[in-house]
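Keep the 3D view open as you read.

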Amino acid sequence: MARSPFKFIDTSNSRALTTDLARKLANEKVAIVGVGGSGSYVLDLVAKTWVREIVLFDDDVFKQHNAFRAPGAFSRSEVEAAATSKAVFFCERYSRMRDGIRAVEKPIGESNVSMLAEFDTVFLCIDGGPVKRQILDTCEAAGNLLVDCGMGIYRAEPGGPLMGTLRVSTFFPEHHDHAPDCIDFVKDGALGEYERNAQMAELNALNATLAVIKWKKLRGFYSDLGNELDCKYVLDGNRLINSFAIDTCDTSD
């Protein structure tokens with residue numbers, strides 16, 4: 001029987017009578033590449049599941065502005081403390097609740113992308129670039145699941161309201177040909193989707209929530225009738241658009 005990773009009893013699943021479903025995730029090793037806006041919310045949700053290991057990849061320093069778009073509340077002393085990477089910062093915070101969290105204070109690149117081959121699921125929450133192609137190829141070869149988060153939020157005119165789209169794209173060995181239609185492979189140094197975006201906590205949280213729900217569907221925790229491999233939330237139209245359904249891999253609804 002799967003062992004709970006928590007430092008106190010999981011009464012949430014027992015109250016909901018879903019412990020059997022929680023155990024479906026228990027043998028998973030999960031990587032989260034980038035724990036800034038959306039990545040920190042992915043961590044918050046995944047940390048409350050029974051996965052046996054979560055590894056955080058991020059060498060960026062946790063700064064004051066991060067406190068306004070990450071889950072939870074932060075004290076002044078925390079945001080003014082000695083600089084530490086986001087990976088270490090969140091590893092220490094969530095290790096209070098559970099075991100199996102580890103921090104890697106290095107960005108994923110050509111020299112270490114092979115590390116991702118050891119995971120069952122990789123959540124990708126970073127800006128676009130050639131490294132995303134390397135990560136996609138590594139996950140495809142290793143046979144693991146890749147869930148890529150993206151957003152494009154902007155002002156159409158000065159002083160106007162924000163508008164744009166959130167995206168969650170899913171890839172695994174049998175289904176990856178839709179990648180060029182979904183992932184930003186712009187060259188390093190060019191403006192990528194995260195660099196030109198306005199990022200808001202509620203949008204980061206929604207992006208992460210859509211990603212984690214899709215992962216749980218693929219693992220049998222939730223029912224999945226749409227079988228979509230790409231999902232977009234259009235902010236100003238309040239619409240969810242599914243594309244590249246598994247049974248056809250080329251349609252939208």
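This report covers a helix pair and then the cysteines.

Please keep in mind that the model is predicted.

**Two helices that meet**

Two packed helices are described by the angle between their axes and the distance between the axes. Here, helix 3 spans residues 37–46 and helix 8 spans residues 201–218. Their axes come within 8 Å and cross at roughly 50°, which means that helix 3 is oblique to helix 8. The crossing of this pair is right-handed.

Which residues of helix 3 and helix 8 make the contact? Helix 3 brings Gly 37, Ser 38, Tyr 41, Val 42, Leu 45 and Val 46. From helix 8 come Ala 201, Asn 204, Ala 205, Asn 207, Ala 208, Thr 209, Val 212 and Trp 215. Sorted by class, this contact has nine nonpolar residues, five polar ones and no charged ones.

**Cysteines without a bond**

A disulfide is a covalent bond between the sulfur atoms of two cysteines. How many disulfides does the structure hold? The number is zero. For a pair to count, the sulfur atoms have to be within 2.5 Å. The table shows how two cysteines compare with that cut-off.

| Cysteine | Closest cysteine sulfur | Sulfur distance |
|---|---|---|
| Cys 149 | in Cys 125 | 4.1 Å |
| Cys 231 | in Cys 149 | 11 Å |

The sulfur of Cys 149 is too far from that of Cys 125 for a bond, and the sulfur of Cys 231 is too far from that of Cys 149. Are these cysteines buried or exposed? Cys 149 is buried, with a relative accessible area of 0%. Cys 231 is buried too, at 9%.

Conventions:
Residues numbered from 1 in each chain as written. Predicted model: local features only at pLDDT ≥ 70, side-chain atom pairs only at ≥ 80, totals over all residues. Heavy atoms only, no water. Axes fitted to C-alpha atoms, helices over the stretch in contact; angles between N-to-C directions. Helix = DSSP H or I, 4+ residues; strand = E, 2+ residues; numbered from the N terminus. Parallel < 35°, antiparallel > 145°, perpendicular 65-115°, else oblique. Left-handed = near helix turned anticlockwise from the far one by under 90°. Contact = heavy atoms within 4.5 Å. Nonpolar A, V, L, I, M, F, W, Y, C, P; charged D, E, K, R; others polar. Buried < 20%, exposed > 50% of the residue type's maximum accessible area, 1.4 Å probe, protein only.
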